[in-house]
Amino acid sequence: QVQLVESGGGLVQPGGSLRLSCAASGSIFSINAMGWYRQAPGKQRELVATMTTGGSTNLADSVKGRFAISRDNAKNTVYLQMTSLKPEDAAVYYCNFRELVGTTRVYWGQGTQVTVSS
C-alpha cells in the first residue's frame, strides 16, 4: 500500500556530508513515523533516526550531533542530513515508514548504499 523511494546515497570521504531523501507514495495514513535504519555487513539493522508527522524525533546516540532528520509532510518525504561522516557510518541505509493509526503497518525501502572511504 505504501511505496518508498530512496535517493542520495553514494561515496564520500571521512568528514564529508550526504543528504538522503525518501519519498512515500500510495495509501498513506496521515499519522505516521518515517525515518532511517542502516545495516553494515555482518551486523544487524539498527535505527538511525525517525520522525513522526507531529514532529517527534528519535536519534541513535551514535549520530546525535552529526545527523539531522527532517520531513515535509505535504510531500510525504523524509530527509537525513549527514555530516562529519565516519567510516563506521558506512552501511546500506533503509527508509522506514510506520503507520501510527489504522492497520499500523510497516514498510521498507530497497536501501541506498552509503560508503565512507578515502
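Predicted model: local features only at pLDDT ≥ 70, side-chain atom pairs only at ≥ 80, totals over all residues.
Local features were taken at pLDDT of at least 70 and side-chain atom pairs at pLDDT 80 or more, whereas totals for chains, interfaces and linings use all residues. Residues are numbered from 1 along each chain as its sequence is written, and side-chain values use heavy atoms, without hydrogens or water.

A search of the whole structure returned two aromatic pairs. Rings of Phe, Tyr and Trp (its six-membered ring) were paired if their centres lie within 6.5 Å, with planes under 30 degrees apart classed as stacked, over 60 as edge-to-face and the rest as tilted. The pair of Y37 and W108 is edge-to-face, because the ring centres are 5.1 Å apart and the planes stand at 70 degrees. Y37 belongs to strand β4 (residues 32-39) and W108 to strand β10 (residues 106-108), so this pair ties together parts 71 residues apart in sequence. Strands are DSSP runs (E, at least two residues), numbered from the N terminus. Y37 is buried at a relative accessible area of 15%, while W108, at 36%, is partly exposed; buried denotes under 20%, exposed over 50% and partly exposed the range in between (1.4 Å probe, protein chains only).

F97 and Y107 form an edge-to-face pair, with 6.1 Å between centres and 65 degrees between planes. F97 lies in strand β9 (residues 91-99) and Y107 in strand β10, so the parts joined are ten residues apart in sequence. Both are buried, F97 at 0% relative accessibility and Y107 at 10%.

R45 has its charged end over the ring of Y94, 3.8 Å from the ring centre. R45 also lies over the face of W108, at 4.5 Å from the ring centre. The criterion is CZ of Arg or NZ of Lys within 6 Å of the ring centre and within 35 degrees of the ring normal.

G111 is located in the loop between β10 and β11 (112-116) and is partly exposed at 25%. Beyond four places in sequence, G111 touches E6, V92, Y93 and Y94, contact being heavy atoms within 4.5 Å.

The largest nonpolar core has 28 residues, of which L4, W36, L80, M82 and Y93 touch the most other members. Such a core is a set of buried Ala, Val, Leu, Ile, Met, Phe, Trp, Tyr and Cys residues joined through side-chain atoms within 4.5 Å. Elements giving two or more residues to this core include β1 (2-7), β4 and β9.

Note on methods. Helix = DSSP H or I, 4+ residues; strand = E, 2+ residues; numbered from the N terminus.
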